[in-house]
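Q: Please look at the model below and let us go through some of its descriptions one by one, asking in each case what the wording rests on.

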Amino acid sequence: MRNEPSAPDSEGYFGEQFGGRFVAETLIAALDALEAAFEQARGDAAFQDELNAQLATYVGRPSPLYFAERWSAQLGGARIYLKREDLNHTGAHKINSCMAQALLARRMGKTRIIAETGAGQHGVASATAAARLGLECVVYMGARDIERQKLNVYRMQLLGAEVRAVESGSATLKDALNEAMRDWVASVENTYYIIGTVAGPHPYPLLVREFQSVIGREARAQILDAAGRLPDQVIACIGGGSNALGIFSAFIDDAEVALIGVEAAGEGLDSGRHAASLGRGSIGVLHGNRTYLLQDGDGQISPTHSISAGLDYPAVGPEHAWLMQQGRAQYVSCDDAEALAAFHALCAGEGILPALESSHALAHAARIAPQLDAGDILLINLSGRGDKDVDTVRSLTP
Amino acid sequence: MSRIRTRFDSLAARRARALIGYIVAGDATSGPGLMRALTAGGADVIELGMPFSDPMAEGPIIQRAHERALSAGTSVPGVLEQAAAFRRVDEDTPVVLMGYLNPLERYGCTAFAADARTAGVDAVLCVDCPAGERSPLERALEAEGLEKIQLIAPTTAPGRCREILTHASGFAYAITLRGVTGAADLEVEAVRARTAELKALSDIPVVAGFGIKSPGDAARLSEVCDGVVIGSALVGAVGGCDNAEAAAVQLEMLMHSYRTAIDSGNPA
């Protein structure tokens, strides 16, 4: 095993304060049981073999590393490589963690899966993994998101999942997460809760990071093979931050590699309509962990906005808060318009439809690449494909 | 001696059980009227919910009350004002504030504890700050002499109960079984066993709560512990009223029905 410079301590904290288990006592026993099962599975060669077989034959791993030669030339600077998580089964990196967690659920003797979803990608991946293993699946989704993402709702239903609308609060992702937690409190005996990102109470931030780290392990070997050296910068978009930690984790020890997370600036950081928890938030406690949050002066959680539903979340995984505090990773943001421009550039320039989430990472690359030269290498995690976003893009393009 | 201790001692002397009523601060009114209605109906202790945008552990009825209170502009300062207004007209009934960590930390734990003390608050139950997590809240409460109510879940292991009780004062709040296996008879037996277990570890009273609906359930559960908490039934009644006066009448009547059921189950 490679060493883990950013592993949480035994109580689930990254550094002194980020992370933890800020949940009602009703969930503590379930989290203890999950932590024990995860640690055991992690060290069990049979579990790893089974997971690797599923990743190879069902998910379609390894995903390719692609040199975006035309787009690099158009930008006129750095060489840009894309890690093609968009080519995974179900169209995004989410399936890596869902498949692994579903296997863990089966190993723990659970027969029912629950999940929360915003855009629907994590819901689709959870429903897929549940179908693959013959587990019952319930997905909680905000009523407003259901309205915005009808196609993904239907996809989940085709996969045999029940989609439950959440009407409370802002009727979006954070409220779906609250509702899934409530379900879990009452159903923990037979139910496994698949959290979609590197947030939530310990051990979820560690567990999801571990199951997404396959992205970085592959990408590091692939870039060494393709370019003969490590990249200068690794760039990924940040909602909760799972695709970013998936690719960052393999490069954390490589001090010469800059790690750049790109948050959603929505309609602009000064508009009040964005989702930049690290850029504009402050430290607080939400959904079981201490991290950076978007909150008002009374400590109530603020509404967020992004063109991309997957980044539309008022908090961020605690490990990112810690990487920022340590100065090991830098966090920037791109707004809706920049993301949309990058979406179009990659479509036209490379024949690849990127997810609007991933388009934020592309937009930052487009911003910096022209100032660099052909000797510089940018590695971007193309975390998902944009088929799901076609309606949104059409409605926003004159 | 603390108000909570005094109240439980006096109940024990009469062989009566504590009736604890929960409402959300700022729901229907920012004044002390609904708290007074609870005591008029027979509540021994009042739990006052502190509104939060993301009350993860609450069911839909209480969650809607949090939303109503927030739309009415109630946050921590409003909660403290309401508690203080009640204390001016009732010197004896213990008040427990129940809520979530983020608004308290934002207010500042030290300032919160000091201001709660000044407002006449007796104890705080922070739902999402379980024993052992890293927050300045516990020390701040101790520094002001406020009591710390801790939850014990049906799934809490014996070793963990011991750990939790080292962080607890006032009373221990045992969450009753519910959901898939929540048959009422099972709940009574589970609470009986849990109470015995907690009593062996500590001398603080044990109350049961979460999802206790009918006066009959309250009476049967109260026989096997020191008291019961009624929440959703009260909060739902407030939500169903058009104004605070109507809500006060409803709350007093409801509390009275629980009081009668509990006292007849536990004759003095």
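Q: What makes A:His287 stand out in the hairpin of β11(A) and β12(A)?
A: In this model, which is predicted, A:His287 takes a positive phi near 50 degrees, and the hairpin of β11(A) and β12(A) has 1 residue between the strands.

Q: How do you know that β11 and β12 of chain A pair?
A: Pairing requires at least two bridges between two strands, and 5 bridges join β11 (residues 282-286) of chain A to β12(A), with the strands running antiparallel. A:Ile283, for its part, stands opposite A:Tyr292 in β12(A).

Q: What joins strand β2 of chain A to β12(A)?
A: Strand β2 (residues 18-22) of chain A is joined to β12(A) by 2 bridges and runs antiparallel to it, which meets the requirement of at least two bridges. Here A:Gly19 stands opposite A:Arg290 in β12(A).

Q: Why is strand β12 of chain A described as largely enclosed?
A: A residue is called buried under 20% relative accessible area, and 6 of the 6 residues of β12 (residues 288-293) of chain A are buried, so this strand is largely enclosed by the rest of the structure.

Q: Which strands stand at the edges of the sheet that contains β1 and β11 of chain A, and why are they called edge strands?
A: The open sheet has 4 strands in the order β1-β2-β12-β11 (chain A), with antiparallel pairing. Its edges are β1 (13-14) and β11 of chain A, because each has a single partner strand, so one side of each is left without a neighbour in the sheet. The partner of β1(A) is reached over 2 bridges, in the antiparallel sense, and is β2(A); A:Phe14 stands opposite A:Phe18 in β2(A).

Q: In what order do the strands of the parallel open sheet of chain A follow one another?
A: This open sheet is formed by 4 strands in the order β7-β6-β5-β8 (chain A), and the pairing is parallel. The strands β7 (162-166) and β8 (191-194) of chain A are at its edges, since each has a single partner strand and so lacks a neighbour in the sheet on one side. Direction ignored, neighbouring strands of this sheet are turned by 25 degrees against each other on average.

Q: How do you know that β6 of chain A pairs with β7(A)?
A: Strand β6 (residues 136-142) of chain A is joined to β7(A) by 5 bridges, and the two run parallel, where at least two bridges would be enough. A:Val138 has A:Glu162 in β7(A) as its bridge partner.

Q: Why is A:Lys83 called buried?
A: The cut-off for buried is under 20% relative accessible area, and A:Lys83 counts as buried because its relative accessibility is 0%. A:Lys83 lies in strand β4 (residues 79-84) of chain A, and its side chain reaches the backbone oxygen of A:Ser63 at 2.7 Å.

Q: What makes the pair A:Gln54 and A:Arg132 a polar contact?
A: The side chains of A:Gln54 and A:Arg132 are joined at 3.2 Å, and the cut-off for such a pair of N or O atoms is within 3.5 Å. A:Gln54 is in helix α2 (residues 45-59) of chain A and counts as buried because its relative accessibility is 6%.

Q: Is A:Ser383 buried or exposed, and what is the reason?
A: A:Ser383 is buried, because its relative accessible area is 4%. This residue is in the loop between β14 (377-382) and α16 (390-396) of chain A, and, leaving aside its neighbours within four places in sequence, its contacts include A:Glu85, A:His93 and A:Cys237.

Q: What area is buried between chain B and chain A, and which residues of chain B lose the most?
A: About 3000 Å² is buried between chain B and chain A, and carbon and sulfur atoms give 46% of this area. In chain B, the residues that lose the most area to chain A are B:Met56, B:Arg106 and B:Arg134, together 27% of what that side buries. The contact takes 35 residues from chain B and 38 residues from chain A.

Methods:
Residues are numbered from 1 along each chain as its sequence is written. Chains are lettered from A and ligands numbered from 1 in the order in which they are written. This is a predicted model: local features need pLDDT of at least 70, side-chain atom pairs count only at pLDDT 80 or more; totals for chains, interfaces and linings use all residues. Side-chain values use heavy atoms; hydrogens and water are left out. Buried means under 20% relative accessible area, exposed over 50%, partly exposed in between (1.4 Å probe, protein chains only). A polar contact is a pair of N or O atoms within 3.5 Å; within protein, one must be able to donate a hydrogen and the other to accept it, and residues adjacent in sequence count only if both atoms are side-chain atoms. Axes are lines fitted to C-alpha atoms, for helices over the stretch in contact, and angles run from 0 to 180 degrees between N-to-C directions. Contact means heavy atoms within 4.5 Å. Buried area is the accessible area (1.4 Å probe) that two parts lose on being put together, summed over both.
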